[in-house]
Amino acid sequence: MSTPKTKGFDGGLPVWTPFPGFSWLFSNPGASLRPLSGQDGLTILHADLSDPAHALYRELETFRDEIADLLGPGFVPLPGSSFHVTLADGINVDNVGRLPSRWSGAFGRLFDALPGSCLELGGLVADGVERRLPGALDLELETLLVRKDAVLAAMLRPSARAAALYEEVSRQRARLDGELVESFGKPAAAAWRPHVSLGYFLPGGAATAREQIDSINAAARERDWHPIEFGRTALYAFTDMVSFLRPVSAPTPPNGPRSASGARSGDGERDGDLARACRKAGVFDIPGSQRWMLRPNELDRAEDVVRTTARSTLRPRQFVVAWNGVPTLVFDRFSDELLHLKVRLEAELPRLGPENPGSLQPKISLAAMNDGRSMGRWAAWRLYRACRKLDGDLANAPLIAVNELSVVAFRCRSLEKAWLRHPIALASASGEWQVELTPAGRAALEVLVAEHRVHVRRNVLDSFSPRAVRAGVSSGRSRLSRYKEPRSEFTLVVDMASTSLDPIIDDFRSAVDGALPGRFTWFDRRSRHITIRGLMPRPGAAGAVPTNPNAAED
């Protein structure tokens, strides 16, 4: 611990050093959260030690205070209300400087803006939602330990009945830490030893406690200790070692609170399938999700629009390198039925954000250039030739049937990670629309059809050339890290994980890798999709914040 966590005492009260960061904690089983004064939507950890569920915390605080003389003058006790057990350390002021510059800067700015920026963590870090464990994890006191000459810790171990669950939680923690290492370059965490921090030592102040630790543990063994039971984990930001913050979870739906059955209080309505799926997956509980998600009643309306859209087909057209440098399979254009769907979504959802440029043409983004790679003139020519090599195969390829769409709450732009995938079957009739448009809707559809056709022709097909390939790949936005980094949004797609086009796409991949080995990483075929349009609230809408208009163009 290179940064001291405390400055000692001032007027007899502990003074805590600013130490911003975030970690995943076990949610305390009893009353533990209070509204944070002056910050709407945020709560602060404040464990109620009178709650029977916190008996272990109460016993530890009492014991620590009784042995104060054995701990020496360099010990600064933590308030019992801040007691918790950490599942996994995230990024903090101690390790942020060891991240790549793009991430150290991003997290540094987030730390500078705490506590308010706590609301943004859910859009930057995956697994920010409160998660239910697959069972009750009982932890009991094992021993007290002076750790790293910095902290007095009550070390915990699983009860006999929780041993198997403890091993599973340990594996989940390792996977979570691995994702942080892969996504942000965070130093890998040491082996997990769950504990409750009871207080911190001033630099050089742990000598007395180290000498007395055997006596301290002998006294502890004379006592009876309650176990503590955990059932959930959640992401917390912190500004120092006593101020742990998290957004208010499970916000009340805009139409009033719901009963356990899903009915809204006072109106008798219930969630539709999509809203229920989101609630079951915990998507509404993801910190910051109100910034990129529609409301439950809006999701229900969107689902109704999709269900009453007729089935249709899409014709594959050409492999291209899109304007942002991504090898892509482009289709002729969206069917009239799918364009009709887009118009109806905008009419039914006044808060829906504008359509992003990337969904103006149907396409599958297949790969991205690896970070640190570049492309010269001849390499761009080889890539162009690889794209044109399969023109004949695509001309003879069958049409792709669009019989269902999927709503995806994704965790990265490639859609290889997602909070939720919810398929919705389309209406059985093909070639005719299930719902008639108003005159204004028909006019909007005509404009949309023209806009899509012009975009595909001018910006994708007619402009495709070796020079355009090189220009697109030269853009930093095309790099792999952009598609792998954590990013949460909501979108409507055609699932293309397994289609008759797979052999042609495999041939294209072989052609590209043969011409330019090691330049591209190909997205997992299970994540392949055609974006219909994003389902984000518009910038500035109630419950939404301004977003990058190109944020979800891929």
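Helix α3 (residues 101-112) has twelve residues and runs 16 Å from first C-alpha to last, close to the 16 Å expected at 1.5 Å a residue. The expected span is 1.5 Å times one less than the number of residues. This is a predicted model: local features need pLDDT of at least 70, side-chain atom pairs count only at pLDDT 80 or more, and totals for chains, interfaces and linings use all residues. Residues are numbered from 1 along each chain as its sequence is written, and side-chain values use heavy atoms, with hydrogens and water left out.

**Whole chain**

- The secondary structure comes to 15 helices and 24 strands. Helices (H or I, at least four residues) and strands (E, at least two) are DSSP runs, numbered from the N terminus.
- Buried residues make up 54% of the 554 residues in the chain. Buried means under 20% relative accessible area, exposed over 50%, and partly exposed in between (1.4 Å probe, protein chains only).
- Among contacts with a separation of 6 or more, 78% come from residues 24 or more positions apart. Contact means heavy atoms within 4.5 Å.

- W103, A106, F107, G108, L110 and F111 are the buried residues listed for α3.
- A cis peptide bond joins L114 and P115, with omega about 10 degrees.
- P115 sits in the loop between α3 and α4 (121-124).

**Helix α15**

- α15 covers residues 502-515. Its 14 residues should span 20 Å at 1.5 Å a residue, and its end C-alpha atoms are 20 Å apart, so the two agree.
- D502, I504, I505, F508, A511 and V512 are buried in α15.
- An α-helix has 3.6 residues a turn, so residues three or four places apart point the same way.

**Packing of α10 on α15**

- The two helices, α10 and α15, pack at an angle of about 160 degrees, with axes 9 Å apart. Axes are lines fitted to C-alpha atoms, for helices over the stretch in contact, and angles run from 0 to 180 degrees between N-to-C directions.
- That angle makes α10 roughly antiparallel to α15. Angles over 145 degrees count as roughly antiparallel, under 35 as roughly parallel, 65 to 115 as roughly perpendicular and the rest as oblique.
- From α10, the contact uses R382, L383, A386 and C387. From α15, it uses F508, A511, V512 and A515.
- These contact residues divide into seven nonpolar, no polar and one charged. Ala, Val, Leu, Ile, Met, Phe, Trp, Tyr, Cys and Pro count as nonpolar, Asp, Glu, Lys and Arg as charged, and the others, Gly among them, as polar.

- A277 lies in helix α7 (residues 273-281).
- A277 is buried, with a relative accessible area of 19%.
- Leaving aside neighbours within four places in sequence, A277 is in contact with L420 and H422.
- A277 and H422 are 145 residues apart in sequence and 7.4 Å apart in space, C-alpha to C-alpha.

- Most residues other than glycine have a negative phi, and most peptide bonds are trans.
- K148 has a positive phi, near 55 degrees. K148 belongs to the loop between β8 (131-147) and β9 (151-158). K148 is exposed, at 64% relative accessible area.
- L415 has a positive phi of about 65 degrees. L415 is in the loop between β19 (404-412) and β20 (418-425). L415 counts as buried, at 3% relative accessibility.
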